[in-house]
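Good morning, and thank you for coming. Please look at the structure on the screen while I speak.

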Amino acid sequence: MNSAVSSPPVSSAAAAALLEVRNIAKRFGTREVLKDLSLQIAEGEFLTLLGESGSGKTTLLRLIAGFEQPTSGEIWMNGARLDTLPPYRRRVNTVFQHYALFPHLSVADNVGYGLRVTSAPAAEIPARVDAALRMVKMQEYAKARPSRLSGGQQQRVALARALVNRPQLLLLDEPLSALDANLRKQMQGELKSLQREVGITFLFVTHDQEEAMALSDRIALLRDGALEQVDSPREIYAHPASSYTAQFIGQTNLLRGEVHEGVATSGVLRWPTAAANGVKVFSLRPECIQLAAETAPGAKAVRFRAQIRQQIFSGSVEQLEVDCSGQVLRVRIPARGVLTGEHEFVFHPGDAIPVRE
Amino acid sequence: MYSRAYKTIVSVPPLLWVGLFLLVPYGLMLAHSFWLVRDGVIVHEWNLQNYATLLRNPVYAEVLLRTARIAASVTILSLLLGYPLAYYMSFHATVRKDLLYQLVIVPLWVSYLVRGYAWKTILGSDGVLNGFLQYLHLTKEPVSFFLYSPFAVILTLTHIYTPFVFLPLYASLEHIPRDLIEASHDLGANPRATFFRIILPLSIPGLLAGATFAFVLTLGDFLGPLLVGGPSSIMIANMVQSLFGTAYDWPLGAAIAVCILLFTIALLFATERLEKRWAFR
């Protein structure tokens, strides 16, 4: 239940927060899609909501846009309550997954729609529309109909249509998922530099963790309607808090080991650790494991021998699957030709990161 | 996949059917319009007398105009009733949607004649409506103009043709992607602005289809005036009917029929072109 009396955020850390999601829960019938979720988005940042299908990321986006109402909790923007406003009164704009361009209007009329319905000064509109189209490099298509444009072009128009209104927050609902791989990479770069240029806060939804890492200032990983971890891409990659995070973002080996007096044992592997005694799961990234023959490992390095089970060549790297006395590990090394048989591998104990299960 | 011989053979029956039951009758009708009646017998002498009569005698223009007026009224009223219903059902009804849809369709299963007679019962001097008004003491005597008037014809035909307007309109509205509505709201348009700028323009093909149905069908209607119209509401189809019946002047009747047919064809062409222009542009 949304309470009638509530106060704006008080803490000093929230002073720079543009958007604050407080204890949001959303239920559809009996299904709980979002569970007591709280999140802050800083002004000017590029935050990505990352998660599988059904994790609640799109629902959260729609709650912020105003297309759904929260079952409980509040959303605040700039010290004012947001979730009680209808979508047409929020200073928030959305770029839709399937663009949602108005088919009966030209590109220019689409882009100018928001300005016209909010009664922006009529004399300004053509110039602002033109500037927005130039920003996405679509000024040549001003008179065209959306049906004549390719997916990537429609996407740009959708972006211009949203940005021309100078929203305080731009929501992007998996805008690149309908594009092919090359175009996607290109658009990612354009989006990133656009955001830098315009300075508007972006809230981006995707299920593609590579995309999230490439674009974001921070990633908010959602799992079953709750926040798993919120950190910068480098931080979340280097220090995943849970095994789920370690596996979802990038690839990893999850080593289940017994810790006793500062030493972790998993299968035939043993390494020093600062973790407490007991059973613990460790995340060891494939690229942290190297061929002993190719490196000059330090004294502290952990060595082990393993059989090559599978080798996949990926251009610049080899992705190996090795069998270490029954334990299967993934290894990633620079490309160096076909390997067979048994080899010696090394990794640094510090790269085995204890994670929550 | 299919041999040419097979394709030719298979298309013969439908072509025969169309030819026999459509083209031949139309051809006969066209031919009759150029003949005349002398001494109670149809004479096959080619002439333009019938068309001249239509142009010169003001009675025919008067009836045609009345028919067009009634058709226009029925169309507009059906749209005024059908559009809000279709809009509500498409955008606001969730659980009861199917039930409401059935309720709109079910009257179409009831024979036109039965519905016409039902209105006769309701609107007559001893009818339900008059009885109700007298019971409430709103009137002292039965109001006679409810029945056997253009009012009754328009009312009855609106009732009958509203489902025809509703169906294509509803289909058109259902086809509007919901994310367009969300996009409109997102960009700052309230529901009213969204309706006039997005929903209405995109519903025009359905609107045109429905309006055309109602107008063309009403134009050629003769049962309505027959049941509830009375002498003051004769429509053009009634004239044609009597000319082929008791008034026995088939050539004149055929001439009128040809005119209506040409007018309807022209109207259908025009609306089809309009519909294409507005189809999801």
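This is a predicted model: local features need pLDDT of at least 70, side-chain atom pairs count only at pLDDT 80 or more; totals for chains, interfaces and linings use all residues.

Among contacts in chain B between residues at least 6 apart in sequence, 72% link residues that are at least 24 apart.

Along the principal axes, the C-alpha atoms of chain B occupy a box of roughly 75 × 75 × 35 Å. As for burial, 32% of the 281 residues of chain B count as buried.

I now turn to one pair of helices. How do the axes of helix α5 and helix α7 of chain B cross? The axes of α5(B), residues 112-123, and α7(B), residues 150-174, come within 10 Å and cross at roughly 135°. That angle is why α5(B) is described as oblique to α7(B). The crossing of these two helices, α5(B) and α7(B), is right-handed. On the α5(B) side, the residues that meet α7(B) are Y112(B), R115(B), G116(B), W119(B) and L123(B). Their partners in α7(B) are A152(B), L155(B), T156(B), H159(B) and I160(B). By class, this contact of α5(B) with α7(B) has six nonpolar, three polar and one charged residues.

Finally, the interface. Here 18 residues of chain A are in contact with 16 residues of chain B. On the side of chain A that touches chain B, β6 (92-95) and α2 (107-117) of chain A each supply at least two residues. The largest share of that side, three residues, comes from α2(A). In terms of class, the side of chain A that touches chain B has 10 nonpolar, seven polar and one charged residues.

How values were computed
Residues are numbered from 1 along each chain as its sequence is written. Chains are lettered from A and ligands numbered from 1 in the order in which they are written. Two residues are in contact if their C-beta atoms, placed from the backbone, lie within 7 Å. Helices (H or I, at least four residues) and strands (E, at least two) are DSSP runs, numbered from the N terminus. Ala, Val, Leu, Ile, Met, Phe, Trp, Tyr, Cys and Pro count as nonpolar, Asp, Glu, Lys and Arg as charged, and the others, Gly among them, as polar. A residue is buried if 20 or more other C-beta atoms lie within 10 Å of its own, exposed if 12 or fewer, and partly exposed in between; C-beta atoms are placed from the backbone. Axes are lines fitted to C-alpha atoms, for helices over the stretch in contact, and angles run from 0 to 180 degrees between N-to-C directions. Angles under 35 degrees count as roughly parallel, over 145 as roughly antiparallel, 65 to 115 as roughly perpendicular and the rest as oblique. A crossing is left-handed if the near helix is turned anticlockwise from the far one by less than a right angle, and right-handed if clockwise.
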